[in-house]
Amino acid sequence: MNIVKIMIPKSLTVFLNENDTLRQGFELMTEKGYTALPVLGDNGEYVGSVNEGDFLRYIMRNGEDLKEWESHSIGEVLRRDFCPALSIDAEKESVIDSVLQQNFVPVVDGRNILCGIITRRRLIAHLAGRSITL
């Protein structure tokens with residue numbers, strides 16, 4: 001399977017940096033309407049993902065004062081084992097297995113740099129022989 005044909009390229013993907021503030025992350029996620037986002041390190045490497053539950057757990061521990069959120073980074077709440085990435089040259093079975101477990105799958109190159117993501121919708125369309133525009 002040629003992952004490049006079905007992935008949404010990084011340039012069209014919404015993502016966070018682990019040094020972004022919690023407020024920036026929450027506002028971006030809310031604005032775009034996503035429930036989870038990939039998180040990158042300073043060099044573009046994939047470091048994990050955050051979802052709504054991560055923000056909820058923070059609120060439960062620390063309160064919902066958005067001003068306070070500005071002094072904490074995404075890196076403090078991200079889960080490095082959430083949404084494991086696939087290599088750009090992953091086999092079809094690995095892609096299918098990953099998409100069955102996650103709403104989106106980050107795709108990385110040999111240096112762990114994010115190349116893009118594969119969504120369930122795009123994989124199903126590909127397997128059904130349908131094209132989807134970005």
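Student: Which residue is the bridge partner of P9 in β7?

Tutor: In this predicted model, P9 has G116 of β7 as its bridge partner. The two strands involved, β1 and β7 (residues 114-119), pair in the antiparallel sense over 2 bridges.

Student: And what packs on the sheet there, touching β1 and β7?

Tutor: That is helix α6 (residues 120-127), which packs on the sheet and touches both β1 and β7, with a direction that makes about 70° with that of β7.

Student: How many strands form the sheet, and in what order?

Tutor: The open sheet is formed by 4 strands in the order β1-β7-β6-β5, and the pairing is mixed. Its edge strands are β1 and β5 (86-87), each of which pairs on one side only.

Student: Let me switch to T13, where does that lie?

Tutor: T13 is found in the loop between β1 (8-9) and β2 (16-17).

Student: Does T13 count as buried or exposed?

Tutor: T13 counts as buried, because its relative accessibility is 10%, and the cut-off for buried is under 20%.

Student: What does T13 touch, then?

Tutor: Leaving aside residues up to four places away in sequence, T13 touches I8, P38, G116 and I117. In the case of G116, the C-alpha atoms of the two residues are separated by 6.7 Å, although T13 and G116 are 103 residues apart along the chain. As for I8, the side chain of T13 reaches the backbone oxygen of that residue at 3.5 Å.

Student: New topic: how many aromatic pairs are there in the whole structure?

Tutor: A search of the whole structure finds 4 aromatic pairs. In one of them, the rings of F26 and W69 have their centres 5.1 Å apart and their planes at 75°, so this pair is edge-to-face. The pair links distant parts of the chain, since F26 is in helix α2 (residues 22-32) and W69 is in helix α4 (residues 66-69), 43 residues apart.

Student: Are those two buried or exposed?

Tutor: W69 counts as buried because its relative accessibility is 1%, whereas F26, at 29%, counts as partly exposed.

Student: And what about the rings of Y58 and W69?

Tutor: Their centres are 5.6 Å apart and their planes are at 85°, so the pair of Y58 and W69 is edge-to-face. Because Y58 lies in helix α3 (residues 52-62) and W69 in helix α4, the pair ties together parts that are 11 residues apart in sequence. Y58 has 4% relative accessibility, so Y58 counts as buried.

Student: Which residues form the aromatic cluster?

Tutor: One aromatic cluster is formed by F26, F55, Y58 and W69.

Student: Last one: what lies over the face of F82?

Tutor: That is R79, at 4.3 Å from the ring centre of F82.

Definitions and conventions
Residues are numbered from 1 along each chain as its sequence is written. This is a predicted model: local features need pLDDT of at least 70, side-chain atom pairs count only at pLDDT 80 or more; totals for chains, interfaces and linings use all residues. Side-chain values use heavy atoms; hydrogens and water are left out. Buried means under 20% relative accessible area, exposed over 50%, partly exposed in between (1.4 Å probe, protein chains only). Contact means heavy atoms within 4.5 Å. A polar contact is a pair of N or O atoms within 3.5 Å; within protein, one must be able to donate a hydrogen and the other to accept it, and residues adjacent in sequence count only if both atoms are side-chain atoms. Two strands pair if DSSP finds at least two bridges between them. Axes are lines fitted to C-alpha atoms, for helices over the stretch in contact, and angles run from 0 to 180 degrees between N-to-C directions. Rings of Phe, Tyr and Trp (its six-membered ring) pair if their centres lie within 6.5 Å; planes under 30 degrees apart count as stacked, over 60 as edge-to-face and the rest as tilted. A charge sits over a ring if NZ of Lys or CZ of Arg is within 6 Å of the ring centre and within 35 degrees of the ring normal.
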